Amino acid sequence: METKYLNVWKNELDICIRCGYCFEKCPVFGVLNWESDTPRGKAILAYGLLSGEIEPSQELADKFFQCTFCRECLGSCSADVKLIDLFSAARADMITAGFAHDAHKYMVESVKKTGNIFNDSELKAPVSEGETTVYLGCQYLGRGNLTKTYLNILEKLGIKPRVKEEICCGFPFMALGFRDEFEEHRKKFLEMFPEEDIIALCPTCAAFLEEEYGKKVRHVMEVIAERVPEAKLGGKVTYHDPCDFSRELGLIDEPREILEKIGVEVVEMPRNKKDSSCCGGGGGILMSDAELSGRIADGRIREAVATGAEMLVTPCPTCEKVLKEASMALNKEGENNIPVRNICQLIWKAIK
Ligand code: SF4
Ligand code: SF4
């Protein structure tokens, strides 16, 4: 089989010395416990695919799909192997070979048809004239109340948000391996969002707009951190660092500073900041393997409950959704759980 996308990463596969440092904290390995589920295992499978020793199959494709793209392994690899790029390329070659996951195919088709991942052509952005373009992203587009809250916060802090008709940033195409389809989407996206400077609400969109389109992106949390006034909201929360937010965008202090400024105490989970553990919702596994996603989320929500905080807050709509479901599952089992909220809800309550 021709491995068009993996070929580019041959050097990376040669650099990997198979030492295994990368898999200790991999959330997928933490749940499934098989070598083939580790980043090293996946790198070996990718090598086999590239060298022709392993034939493409659905089983192999499913191994590459079992990754949350949490970036944890990148920080543990002393050889600096670009594991996420490798897995993304392997996924793209598997798609070309005809082994897409049905749920992923549906999501990409939805974006092509309606512009968003929910296959909902009725979903419309709250378009407004303003000075600074704010990009919502599908997850916030689908959650009007949270979006409104962020826009209210920005206005209160003296920024006039300009909201336009939306289209998905295209991350699902690249993350799930649909590279050829992405080229068409990229053109559409750039026609709708030619501007250089953008404030993004979603951490994953923010990282993707920067990486893929070279935009100058500020995540809304950075903007809020600069302008939020002091308040005395009170309460004790634990803060969940979304993977793209802390490990890729390096936004670690900003949300904590905001919480401190509005008078909220933060109690940390054992794994936090750059070492935060994944919520289980990324990389497409929420659609292709909901059970695995739920088991990863269960581990994270238990860490949050153990802090004794009154609430878990996070700026990522996906983390929020996944952890909320994990918390509700604990409740159903009669175990202690914890309310999960988007951080914007606390900020707005403090400054409105
Ligand atoms: S990816 Fe890095 S850490 Fe993992 S086995 Fe290869 S060299 Fe070691
Ligand atoms: S990105 Fe996360 S889930 Fe994927 S292999 Fe690396 S540590 Fe595991």
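How do the residues of the shell around ligand 2 divide into nonpolar, polar and charged? In this predicted model, the shell around ligand 2 holds 10 nonpolar residues, 1 polar residue and 2 charged residues.

## Ligand shells

Ligand 2 has 13 residues around it, and those that come nearest are Cys-26, Pro-39, Cys-67, Cys-70 and Cys-73. Helix H3 (27–32), helix H6 (72–76) and helix H7 (83–96) are the elements that give two or more residues to this shell.

Ligand 1 is surrounded by 15 residues. The closest of them are Cys-16, Cys-19, Cys-22, Arg-40 and Cys-77. By class, the shell around ligand 1 divides into 11 nonpolar, 2 polar and 2 charged residues. Helix H4 (residues 39–51) supplies the largest share of the shell around ligand 1, with 3 residues.

## Helix packing around H4

Helix H4 packs against helix H5 (residues 58–65) and also against H7. The geometry of the two pairs is set out below.

| Helix pair | Angle | Axis separation |
|---|---|---|
| H4 and H5 | about 140° | 10 Å |
| H4 and H7 | about 45° | 10 Å |

Angles over 145 degrees count as roughly antiparallel and those from 65 to 115 as roughly perpendicular, with the rest between these ranges as oblique. H4 and H5, at about 140°, are therefore oblique to each other. Their crossing is left-handed. On the H4 side, Lys-42, Leu-45 and Leu-49 take part, and they meet Leu-60, Lys-63 and Phe-64 in H5. The contact of H4 with H5 has 4 nonpolar residues, 2 charged residues and no polar ones.

H4 and H7 are therefore oblique to each other as well, and the crossing of H4 and H7 is left-handed. H4 contributes Pro-39, Lys-42, Ala-43, Ala-46 and Leu-49 to this contact, while H7 contributes Leu-83, Leu-86, Phe-87, Ala-90 and Asp-93. By class, the contact of H4 with H7 comprises 8 nonpolar and 2 charged residues, with no polar residue.

Which strands form the open sheet, and in what order? The sheet has 4 strands in the order S2-S1-S3-S4, and the pairing is parallel. Strand S2 (161–162) and strand S4 (216–219) each have a single partner strand and stand at the edges, so one side of each is left without a neighbour in the sheet. Helix H14 (residues 220–227) packs on the sheet, where it touches strand S3 (197–200) and S4. The direction of H14 makes about 60° with that of S4.

Strand S1 (residues 132–135) pairs with S2 in the parallel sense over 2 bridges. Thr-132 stands opposite Pro-161 in S2, and the bridge partner of Thr-133 in S2 is Arg-162. S1 also pairs with S3 in the parallel sense, again over 2 bridges. Here Tyr-135 has Ala-200 in S3 as its bridge partner. In general, strands of a sheet pair through backbone hydrogen bonds, either parallel or antiparallel.

Note on methods: Residues are numbered from 1 along each chain as its sequence is written. Chains are lettered from A and ligands numbered from 1 in the order in which they are written. This is a predicted model: local features need pLDDT of at least 70, side-chain atom pairs count only at pLDDT 80 or more; totals for chains, interfaces and linings use all residues. A residue is near a molecule or strand if its C-beta atom, placed from the backbone, lies within 6 Å of it. Ala, Val, Leu, Ile, Met, Phe, Trp, Tyr, Cys and Pro count as nonpolar, Asp, Glu, Lys and Arg as charged, and the others, Gly among them, as polar. Two strands pair if DSSP finds at least two bridges between them. Two residues are in contact if their C-beta atoms, placed from the backbone, lie within 7 Å. Axes are lines fitted to C-alpha atoms, for helices over the stretch in contact, and angles run from 0 to 180 degrees between N-to-C directions. Angles under 35 degrees count as roughly parallel, over 145 as roughly antiparallel, 65 to 115 as roughly perpendicular and the rest as oblique. A crossing is left-handed if the near helix is turned anticlockwise from the far one by less than a right angle, and right-handed if clockwise.
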